[in-house]
Amino acid sequence: MTIFRNDSIYFDFPNKFKCLEYVIDGCLGLKKSLRLIEKDTEHLTVRCPVSGDYMEIVGDVEELQWLDEELHRRGWYRTN
């Protein structure tokens, strides 16, 4: 999986677990701080107001679905 940030820096991750860890670390421990911007079969885009970053996450359909479900299940997305 790969994350592209709004500052033109990208990060490649060896697996979906490391990618999830990076997204959560970007929230600085503040649950309900991520905003889902867009999700389709090719990418997942979230915004973290804490860091001010937009993160476009690219990966396999199954990996993106898993990541989205984990972020929901663990309470990282904002509800409004």
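Set aside the neighbours within four places in sequence, and Asp68 is in contact with Leu36, Lys39, Leu44 and Tyr77. This is a predicted model, so read every distance here as computed from it. Asp68 is found in helix H2, and at 7% relative accessibility it counts as buried because the cut-off for that label is under 20%. Two of its contacts come with atom-level detail. The side chain of Asp68 makes a polar contact with the side chain of Tyr77 at 2.8 Å. Asp68 also forms a salt bridge with Lys39, where the closest N and O atoms are 3.3 Å apart. Lys39 lies in strand S3 and Asp68 in helix H2, so this pair ties together parts that are 29 residues apart in sequence.

Now for the rest of the charged pairs. Side chains of opposite charge can pair when their charged atoms come close. How many salt bridges does the count come to? It comes to four.

| Pair | Closest N and O atoms |
|---|---|
| Arg5 and Asp53 | 3.5 Å |
| Lys39 and Asp68 | 3.3 Å |
| Glu70 and Arg73 | 2.8 Å |

Arg5 forms its salt bridge with Asp53, and this pair links distant parts of the chain: Arg5 sits in strand S1 (residues 2-5) and Asp53 in strand S5, 48 residues apart. Arg5 is partly exposed, with a relative accessible area of 21%, while Asp53 is buried at 13%.

Being three residues apart in helix H2, they are separated by about one helical turn.

On to the nonpolar side. The largest nonpolar core has 20 residues, and Leu34, Ile57, Leu67 and Leu71 touch the most other members. Helix H1 (16-26), strand S4 (43-48), strand S5 (53-58) and helix H2 (61-73) each supply at least two residues of this core. What does Leu34 touch beyond its neighbours within four places in sequence? The contacts of Leu34 are Val23, Cys27, Val46, Arg47, Cys48, Leu71, Trp76, Tyr77 and Arg78. Tyr77 turns up here as a contact of Leu34 and also as a polar partner of Asp68.

Leu28, Leu30 and Val50 make a nonpolar surface patch of about 270 Å². Leu28 lies in the loop between H1 and strand S3 (35-39), and at 61% relative accessibility it counts as exposed because the cut-off for that label is over 50%.

That loop is also worth a look for its backbone. Phi of Leu28 is near 55 degrees, a positive value in a residue other than glycine. Lys32 is found in the loop between H1 and S3 as well, and has a positive phi of about 60 degrees although it is not a glycine. Lys32 is partly exposed, with a relative accessible area of 48%.

Key. Residues numbered from 1 in each chain as written. Predicted model: local features only at pLDDT ≥ 70, side-chain atom pairs only at ≥ 80, totals over all residues. Heavy atoms only, no water. Core = buried A, V, L, I, M, F, W, Y, C linked by side-chain atoms within 4.5 Å. Buried < 20%, exposed > 50% of the residue type's maximum accessible area, 1.4 Å probe, protein only. Helix = DSSP H or I, 4+ residues; strand = E, 2+ residues; numbered from the N terminus. Contact = heavy atoms within 4.5 Å. Patch = residues over 30% accessible without salt bridge, like charges linked within 9 Å, V, L, I, M, F, W, Y side chains within 5 Å. Areas by Shrake-Rupley, 256 points an atom, 1.4 Å probe, with all protein chains shown as cover. Salt bridge = Lys/Arg side-chain N within 4 Å of Asp/Glu carboxyl O. Polar contact = N/O pair within 3.5 Å; in protein donor to acceptor, adjacent residues only side chain to side chain.
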